[in-house]
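Subject: Structure handover

Hi,

Here is the structure for you to look over. My notes follow below it.

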Amino acid sequence: MGIGLTHYLILSLILFGLGMFAIITRKNAIMVLMGLELVLNSANINFIAFAKYGGMNIEGHVAAIFVIILAAAEAAVALAIVLNIYQNYKHVNVDEIDRMKE
Amino acid sequence: MDLITIIFYFFAVLIVASAAIVAFSKNIMYSAFALLFTFFGVAAIYVLLNADFLAMTQIMIYIGGILVLIIFGVMLTTRITGVDIKSGLMGKMQIGITGIAIAILTITMGVMYSNVKWFVRDSQPLNDTISPIGRMLLTDYLLAFEAASVLLLIAIIGAAMIARRKK
(Lines give C-alpha, C1' and ligand atoms only; values in the text may rest on other atoms or scores of the structure.)
Protein backbone atom coordinates (compact mmCIF):
# COMPACT_ATOMS: atom_id res chain seq x y z
CA MET A 1 0.00 0.00 0.00
CA GLY A 2 1.44 3.30 -1.07
CA ILE A 3 1.43 6.61 0.69
CA GLY A 4 -2.01 8.15 0.67
CA LEU A 5 -3.84 11.14 2.03
CA THR A 6 -4.25 9.56 5.46
CA HIS A 7 -0.51 9.30 6.01
CA TYR A 8 -0.03 13.01 5.51
CA LEU A 9 -3.04 13.84 7.69
CA ILE A 10 -1.74 11.72 10.56
CA LEU A 11 1.75 13.21 10.22
CA SER A 12 0.30 16.70 10.48
CA LEU A 13 -1.89 15.57 13.38
CA ILE A 14 1.15 14.43 15.36
CA LEU A 15 2.92 17.69 14.57
CA PHE A 16 -0.15 19.60 15.75
CA GLY A 17 -0.25 17.67 19.02
CA LEU A 18 3.41 18.33 19.77
CA GLY A 19 2.96 22.01 18.95
CA MET A 20 -0.07 22.30 21.21
CA PHE A 21 1.87 20.59 24.01
CA ALA A 22 4.73 23.08 23.63
CA ILE A 23 2.34 26.04 23.61
CA ILE A 24 0.49 24.96 26.75
CA THR A 25 3.27 23.64 28.96
CA ARG A 26 6.19 25.95 28.21
CA LYS A 27 6.96 28.96 30.36
CA ASN A 28 9.32 30.79 28.04
CA ALA A 29 7.51 33.06 25.56
CA ILE A 30 9.88 32.12 22.73
CA MET A 31 9.12 28.44 23.28
CA VAL A 32 5.44 29.27 22.95
CA LEU A 33 6.26 30.90 19.61
CA MET A 34 8.12 27.77 18.47
CA GLY A 35 5.07 25.66 19.31
CA LEU A 36 2.95 28.07 17.29
CA GLU A 37 5.22 27.59 14.29
CA LEU A 38 4.80 23.81 14.60
CA VAL A 39 1.01 24.19 14.58
CA LEU A 40 1.11 26.47 11.52
CA ASN A 41 3.35 23.99 9.71
CA SER A 42 0.95 21.15 10.42
CA ALA A 43 -1.91 23.23 9.01
CA ASN A 44 0.15 23.85 5.91
CA ILE A 45 0.80 20.13 5.41
CA ASN A 46 -2.95 19.59 5.56
CA PHE A 47 -3.63 22.31 3.00
CA ILE A 48 -1.15 20.91 0.52
CA ALA A 49 -2.14 17.29 1.06
CA PHE A 50 -5.76 18.14 0.31
CA ALA A 51 -4.61 20.22 -2.64
CA LYS A 52 -2.82 17.26 -4.15
CA TYR A 53 -5.41 14.61 -3.45
CA GLY A 54 -8.29 16.86 -4.48
CA GLY A 55 -7.15 16.74 -8.07
CA MET A 56 -4.06 18.99 -7.93
CA ASN A 57 -6.06 21.99 -6.87
CA ILE A 58 -3.72 24.95 -6.77
CA GLU A 59 -5.88 26.94 -4.36
CA GLY A 60 -4.51 24.96 -1.43
CA HIS A 61 -1.05 26.19 -2.34
CA VAL A 62 -2.26 29.79 -2.34
CA ALA A 63 -3.80 29.33 1.10
CA ALA A 64 -0.52 27.85 2.34
CA ILE A 65 1.36 30.87 0.99
CA PHE A 66 -0.90 33.19 2.96
CA VAL A 67 -0.30 31.10 6.08
CA ILE A 68 3.46 31.48 5.59
CA ILE A 69 3.06 35.26 5.12
CA LEU A 70 1.04 35.53 8.32
CA ALA A 71 3.58 33.38 10.19
CA ALA A 72 6.40 35.69 9.13
CA ALA A 73 4.52 38.83 10.21
CA GLU A 74 3.47 37.20 13.46
CA ALA A 75 7.01 36.07 14.31
CA ALA A 76 8.44 39.55 13.72
CA VAL A 77 5.84 41.35 15.85
CA ALA A 78 5.83 38.71 18.59
CA LEU A 79 9.61 38.77 18.94
CA ALA A 80 9.56 42.56 19.12
CA ILE A 81 7.04 42.31 21.95
CA VAL A 82 9.16 39.65 23.67
CA LEU A 83 12.25 41.85 23.50
CA ASN A 84 10.26 44.72 24.95
CA ILE A 85 9.01 42.52 27.79
CA TYR A 86 12.58 41.45 28.48
CA GLN A 87 13.68 45.06 28.86
CA ASN A 88 11.05 45.61 31.54
CA TYR A 89 11.05 42.31 33.42
CA LYS A 90 14.51 40.80 32.75
CA HIS A 91 12.80 37.51 31.92
CA VAL A 92 10.20 36.27 29.43
CA ASN A 93 8.21 33.81 31.53
CA VAL A 94 4.64 34.13 30.37
CA ASP A 95 3.11 33.04 33.68
CA GLU A 96 4.81 35.80 35.68
CA ILE A 97 4.01 38.69 33.38
CA ASP A 98 0.88 40.20 34.86
CA ARG A 99 0.91 43.93 34.20
CA MET A 100 0.88 45.85 30.96
CA LYS A 101 2.18 49.20 32.13
CA GLU A 102 5.66 49.80 33.38
CA MET B 1 8.35 -0.63 -0.50
CA ASP B 2 8.89 1.76 -3.31
CA LEU B 3 11.13 4.81 -3.13
CA ILE B 4 8.35 7.30 -2.33
CA THR B 5 7.31 5.24 0.70
CA ILE B 6 10.84 5.05 2.04
CA ILE B 7 11.38 8.78 1.55
CA PHE B 8 8.06 9.61 3.20
CA TYR B 9 8.77 7.52 6.27
CA PHE B 10 12.32 8.86 6.56
CA PHE B 11 11.14 12.46 6.60
CA ALA B 12 8.10 11.67 8.74
CA VAL B 13 10.36 10.17 11.40
CA LEU B 14 12.68 13.17 11.08
CA ILE B 15 9.80 15.60 11.54
CA VAL B 16 8.24 13.79 14.47
CA ALA B 17 11.55 13.23 16.27
CA SER B 18 12.73 16.80 15.91
CA ALA B 19 9.30 18.20 16.80
CA ALA B 20 9.40 16.02 19.92
CA ILE B 21 12.77 17.53 20.79
CA VAL B 22 11.24 21.00 20.29
CA ALA B 23 8.35 20.14 22.58
CA PHE B 24 10.21 18.24 25.31
CA SER B 25 13.79 19.52 25.46
CA LYS B 26 14.74 21.43 28.55
CA ASN B 27 17.45 23.40 26.77
CA ILE B 28 15.84 26.10 24.67
CA MET B 29 18.79 26.23 22.28
CA TYR B 30 18.33 22.53 21.45
CA SER B 31 14.69 23.28 20.74
CA ALA B 32 15.61 26.11 18.39
CA PHE B 33 18.00 23.93 16.42
CA ALA B 34 15.60 20.97 16.35
CA LEU B 35 13.08 23.36 14.81
CA LEU B 36 15.48 23.68 11.87
CA PHE B 37 15.12 19.96 11.12
CA THR B 38 11.36 20.11 11.50
CA PHE B 39 11.10 22.92 8.95
CA PHE B 40 13.46 21.11 6.60
CA GLY B 41 11.46 17.89 6.86
CA VAL B 42 8.23 19.75 6.19
CA ALA B 43 9.83 21.24 3.07
CA ALA B 44 10.69 17.70 1.93
CA ILE B 45 7.08 16.65 2.53
CA TYR B 46 5.99 19.56 0.31
CA VAL B 47 8.24 18.22 -2.44
CA LEU B 48 6.61 14.81 -2.09
CA LEU B 49 3.23 16.52 -2.48
CA ASN B 50 4.30 18.18 -5.77
CA ALA B 51 4.51 21.62 -4.21
CA ASP B 52 7.93 22.71 -5.41
CA PHE B 53 7.39 26.45 -5.05
CA LEU B 54 6.12 26.07 -1.51
CA ALA B 55 9.09 23.91 -0.59
CA MET B 56 11.44 26.68 -1.68
CA THR B 57 9.32 29.26 0.10
CA GLN B 58 9.38 27.14 3.24
CA ILE B 59 13.16 26.89 3.21
CA MET B 60 13.71 30.58 2.44
CA ILE B 61 11.13 32.10 4.78
CA TYR B 62 10.99 29.65 7.67
CA ILE B 63 14.62 28.59 7.86
CA GLY B 64 16.14 31.77 6.48
CA GLY B 65 13.83 34.21 8.19
CA ILE B 66 11.70 33.01 11.06
CA LEU B 67 14.22 30.56 12.52
CA VAL B 68 17.01 33.14 12.47
CA LEU B 69 14.65 35.58 14.16
CA ILE B 70 13.77 32.99 16.82
CA ILE B 71 17.42 32.17 17.49
CA PHE B 72 18.15 35.90 17.83
CA GLY B 73 15.25 36.12 20.26
CA VAL B 74 16.59 33.20 22.28
CA MET B 75 20.08 34.62 22.47
CA LEU B 76 18.90 38.13 23.35
CA THR B 77 16.50 37.15 26.10
CA THR B 78 17.41 33.87 27.78
CA ARG B 79 20.06 32.34 29.89
CA ILE B 80 20.73 29.44 27.59
CA THR B 81 20.77 26.66 30.16
CA GLY B 82 17.68 27.46 32.18
CA VAL B 83 14.83 25.13 32.91
CA ASP B 84 11.89 26.79 31.24
CA ILE B 85 9.23 24.16 31.74
CA LYS B 86 6.72 25.12 34.40
CA SER B 87 7.93 23.61 37.65
CA GLY B 88 6.28 22.81 40.97
CA LEU B 89 3.13 20.82 41.62
CA MET B 90 0.92 23.00 39.45
CA GLY B 91 3.42 22.70 36.62
CA LYS B 92 3.58 18.91 36.88
CA MET B 93 -0.20 18.65 37.00
CA GLN B 94 -0.46 20.95 34.02
CA ILE B 95 2.04 18.93 32.00
CA GLY B 96 0.32 15.65 32.91
CA ILE B 97 -3.20 16.82 32.15
CA THR B 98 -2.11 18.48 28.92
CA GLY B 99 -0.20 15.42 27.80
CA ILE B 100 -3.10 13.09 28.48
CA ALA B 101 -5.64 15.40 26.83
CA ILE B 102 -3.52 15.88 23.73
CA ALA B 103 -2.76 12.15 23.50
CA ILE B 104 -6.48 11.36 23.66
CA LEU B 105 -7.23 14.04 21.06
CA THR B 106 -4.50 12.81 18.74
CA ILE B 107 -5.48 9.15 18.98
CA THR B 108 -9.17 9.92 18.49
CA MET B 109 -8.51 12.09 15.47
CA GLY B 110 -6.09 9.50 14.08
CA VAL B 111 -8.69 6.75 14.32
CA MET B 112 -11.24 9.07 12.72
CA TYR B 113 -8.86 9.94 9.89
CA SER B 114 -8.14 6.29 9.24
CA ASN B 115 -11.80 5.35 9.03
CA VAL B 116 -13.03 8.16 6.82
CA LYS B 117 -13.32 7.27 3.17
CA TRP B 118 -11.84 10.45 1.73
CA PHE B 119 -12.99 11.44 -1.70
CA VAL B 120 -9.71 11.34 -3.58
CA ARG B 121 -9.62 12.60 -7.11
CA ASP B 122 -6.75 11.15 -9.08
CA SER B 123 -4.42 13.90 -10.05
CA GLN B 124 -1.80 14.22 -12.72
CA PRO B 125 1.18 16.18 -11.42
CA LEU B 126 1.65 19.59 -12.91
CA ASN B 127 4.85 20.49 -14.69
CA ASP B 128 5.37 23.49 -12.47
CA THR B 129 3.21 25.09 -9.86
CA ILE B 130 4.76 28.55 -10.04
CA SER B 131 2.87 29.92 -13.01
CA PRO B 132 -0.59 28.71 -11.85
CA ILE B 133 0.11 30.14 -8.39
CA GLY B 134 1.19 33.46 -9.86
CA ARG B 135 -1.85 33.62 -12.12
CA MET B 136 -4.15 32.82 -9.23
CA LEU B 137 -2.53 35.38 -6.93
CA LEU B 138 -3.03 38.13 -9.47
CA THR B 139 -6.59 37.21 -10.46
CA ASP B 140 -8.75 35.41 -7.89
CA TYR B 141 -6.74 36.31 -4.84
CA LEU B 142 -5.65 39.82 -5.82
CA LEU B 143 -7.37 41.51 -2.88
CA ALA B 144 -5.91 39.07 -0.37
CA PHE B 145 -2.50 39.47 -2.01
CA GLU B 146 -2.58 43.26 -1.68
CA ALA B 147 -3.88 43.01 1.88
CA ALA B 148 -1.01 40.65 2.72
CA SER B 149 1.52 43.13 1.35
CA VAL B 150 -0.01 45.94 3.43
CA LEU B 151 0.00 43.61 6.44
CA LEU B 152 3.70 42.90 5.99
CA LEU B 153 4.46 46.61 5.77
CA ILE B 154 2.47 47.27 8.94
CA ALA B 155 4.20 44.36 10.68
CA ILE B 156 7.65 45.71 9.78
CA ILE B 157 6.81 49.21 11.01
CA GLY B 158 5.10 47.91 14.13
CA ALA B 159 7.93 45.53 15.02
CA ALA B 160 10.51 48.30 14.62
CA MET B 161 8.39 50.65 16.74
CA ILE B 162 7.85 48.14 19.53
CA ALA B 163 11.39 46.82 19.72
CA ARG B 164 12.96 50.28 19.71
CA ARG B 165 14.70 51.16 22.91
CA LYS B 166 12.73 53.73 24.85
CA LYS B 167 14.45 56.95 25.82
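Why does B:Met136 count as partly exposed? The reason is that B:Met136 has 17 C-beta neighbours inside 10 Å. The cut-offs: buried takes 20 or more other C-beta atoms within 10 Å of the residue's own, exposed takes 12 or fewer, partly exposed lies in between, and C-beta atoms are placed from the backbone.

Some conventions. This is a predicted model, where local features need pLDDT of at least 70, side-chain atom pairs count only at pLDDT 80 or more, and totals for chains, interfaces and linings use all residues. Residues are numbered from 1 along each chain as its sequence is written, while chains are lettered from A and ligands numbered from 1 in the order in which they are written.

More on B:Met136. This residue sits in helix H5 of chain B, residues 130-138. Helices are DSSP runs of H or I with at least four residues, strands are runs of E with at least two, and both are numbered from the N terminus. Beyond its neighbours within four places in sequence, B:Met136 is in contact with A:Ile58, A:Glu59, A:Val62 and B:Tyr141. Contact means that the C-beta atoms of two residues, placed from the backbone, lie within 7 Å. B:Val74 is 62 residues away along the chain, with 38 Å between the two C-alpha atoms.

Now chain A. It has three helices and zero strands. Its radius of gyration is 17 Å, well over the 13 Å from the globule rule for 102 residues, so chain A is more spread out than a compact globule. That radius is taken over C-alpha atoms, and the rule is 2.2 Å times the number of residues to the power 0.38. The C-alpha trace spans about 55 × 25 × 15 Å along its principal axes. Of the 102 residues, 50% count as buried.

Next, the A/B interface. In chain A, 61 residues are in contact with 70 residues of chain B. H3(A) gives the largest share of chain A's side, 21 residues. That side divides into 43 nonpolar, twelve polar and six charged residues. Nonpolar covers Ala, Val, Leu, Ile, Met, Phe, Trp, Tyr, Cys and Pro; charged covers Asp, Glu, Lys and Arg; the others, Gly among them, are polar.

Last, chain B. It is divided into domain 1 (3-125) and domain 2 (126-167). The bounds come from an automatic or database domain assignment. The domain centres, taken over C-alpha atoms, are 24 Å apart. Five residues of domain 1 are in contact with five of domain 2.

Best wishes
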